[in-house]
Amino acid sequence: MKDNTSWSCSSWKLCFLFILFLAETMAAVKLPPNLTVPALIAFGDSIVDTGNNNYVKTIVKCDFRPYGINFQGGVATGRFCDGRVPADLLAEELGIKSVVPAYLEPNLKPEDLLTGVSFASGGSGYDPITPKLVGVISLEEQLNYFEEYMEKLKNIVGEEKKDFIIANSVIVLVAGSDDIANTYYTIRARPQYDVDSYTTLMANSASDFVTKLYGYGVRRIAAFGAPPIGCVPSQRTLGGGLSRDCAEDYNEAAQLFNSKLSSKFDLLSQTLPGIRPVYIDIYNPLLDIIQNPANYGFGVSDKGCCGTGAIEVAVLCNKITSSVCSDVSSHVFWDSYHPTEKAYKVLVSALIIKYVNDFV
């Protein structure tokens, strides 16, 4: 495998075109022989929520059609997508399993727990106010569930094996979009903060969360940076003017947060012995897909497939008031906020190959 230094943001376009070919010929990435990944565990927001919000009293739900139309059996599982989400796809690429269940699912089996679950909750974020605004599971509450999960692991396999699973699993952390798009810009729930101080709050919260995970024995942590949130369909509608351009102030906030998150991870790697924190740039590759959709086999990148594609998300994307586009595979976005499974596959396949050596 080539050294990671051969990859750069300027090469993302060529890399992704190469990955489009690889994705058709490889079922999963070949892991180095010294890399063991027993489980994938996810924390964060709707990008990796695999159904936890089904069991929470909130309007941020999607356990109804047309969500899930391309999932196994066409079932709406609570994933904010037409099919699977990055937690599922990452686990599959790592050879663990093809579907990562939500921790709050009532019928989990021991093997589900041993190979990983998602604690994520759609609408959550690094800012503690963010989940409160919509009544979802905060990161702190996700940690409480994680403690409960570790106790269950210990009861199944014993203390030593539990510690091995926690230390060697890949922990995925995805948050920040709802903080920027909803809490800061749309609701303006933090009027005392400017963008610089707010993104600092977010980065500090992310660093504190990772430090707490380290205290539980976690060592392999991958955190996604914020995407080009100003270019997702709903934010174009809300902040892009009549022409629905990308809301550049949203994107600038995302980039500022990303630079701070990356710096925090560099610091954590120097101060916490044995930790392998990996900052994953999702901003640049997703922006290139949005700006050049035809290069990746897409036709539409400024609207979602559900309804008008301009504003429908969660309860607004439903089988009663929302139609579905004729070809989901032509769209980068499923609803006005979340990518399609096809778009996630393009991203995840490339990210795995780019970052897998960082976990060795």
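Are C231 and C246 buried or exposed? Both cysteines are buried, where buried stands for under 20% relative accessible area, exposed for over 50% and partly exposed for anything in between, with a 1.4 Å probe and protein chains only. The model here is a predicted one, with local features needing pLDDT of at least 70 and side-chain atom pairs counted only at pLDDT 80 or more, while totals for chains, interfaces and linings use all residues. Residues are numbered from 1 along each chain as its sequence is written, and side-chain values use heavy atoms, leaving out hydrogens and water.

Now for the cysteine links. A disulfide, in general, is a covalent bond between the sulfur atoms of two cysteines; here the working test is a pair of cysteine sulfur atoms within 2.5 Å. Searching the whole structure turns up three of them. C231 and C246 make one, with 2.1 Å from S to S. The torsion about their S-S bond is about 120°, so this disulfide is right-handed. It links distant parts of the chain, 15 residues apart: C231 sits in the loop between β3 (220–224) and α9 (233–239), and C246 in the loop between α9 and α10 (248–271). Helices (H or I, at least four residues) and strands (E, at least two) are DSSP runs, numbered from the N terminus.

C305 counts as buried because its relative accessibility is 1%. C306 pairs with C317, S to S 2.1 Å, and a torsion of about 110° makes that disulfide right-handed. C306 and C317 are in the loop between β5 and β6 too, so the bond ties together parts that are 11 residues apart in sequence. Both C306 and C317 are buried. Counting bonded cysteines along the chain, the pattern reads 1-2, 3-6, 4-5.

What about C62 and C81? The closest cysteine sulfur to that of C62 is in C317, 8.8 Å away, which is too far for a bond. For C81 the closest is in C62, at 9.2 Å, again too far for a bond. C62 counts as buried at 1% relative accessibility, and C81 does so at 0%.

On a 1 Å grid over the protein atoms alone, a cavity is a set of points where a 1.4 Å probe fits but cannot get out, whereas a pocket is an open set with protein on both sides within 12 Å along at least five of seven lines; lining residues have an atom within 4 Å of a point. Grid points are joined across faces, edges and corners, and volume is the space filled by probe spheres set on the points.

The largest pocket holds about 540 Å³. Its lining has 24 residues, with V60, V134, N182, V313 and A314 nearest the centre. Helix α7 gives the most, four residues, and α4 (129–134), α7 (177–186) and α9 each supply at least two. By class, the pocket lining divides into 13 nonpolar, 10 polar and one charged; Ala, Val, Leu, Ile, Met, Phe, Trp, Tyr, Cys and Pro count as nonpolar, Asp, Glu, Lys and Arg as charged, and the others, including Gly, as polar.

Three cavities come in at 30 Å³ or more. The largest has about 250 Å³ of space, and of its 22 lining residues I47, P227, I282, L286 and Y344 are closest to the centre. Helix α12 (residues 341–355) gives the most to this lining, with four residues. The cavity lining has 18 nonpolar, three polar and one charged residues.
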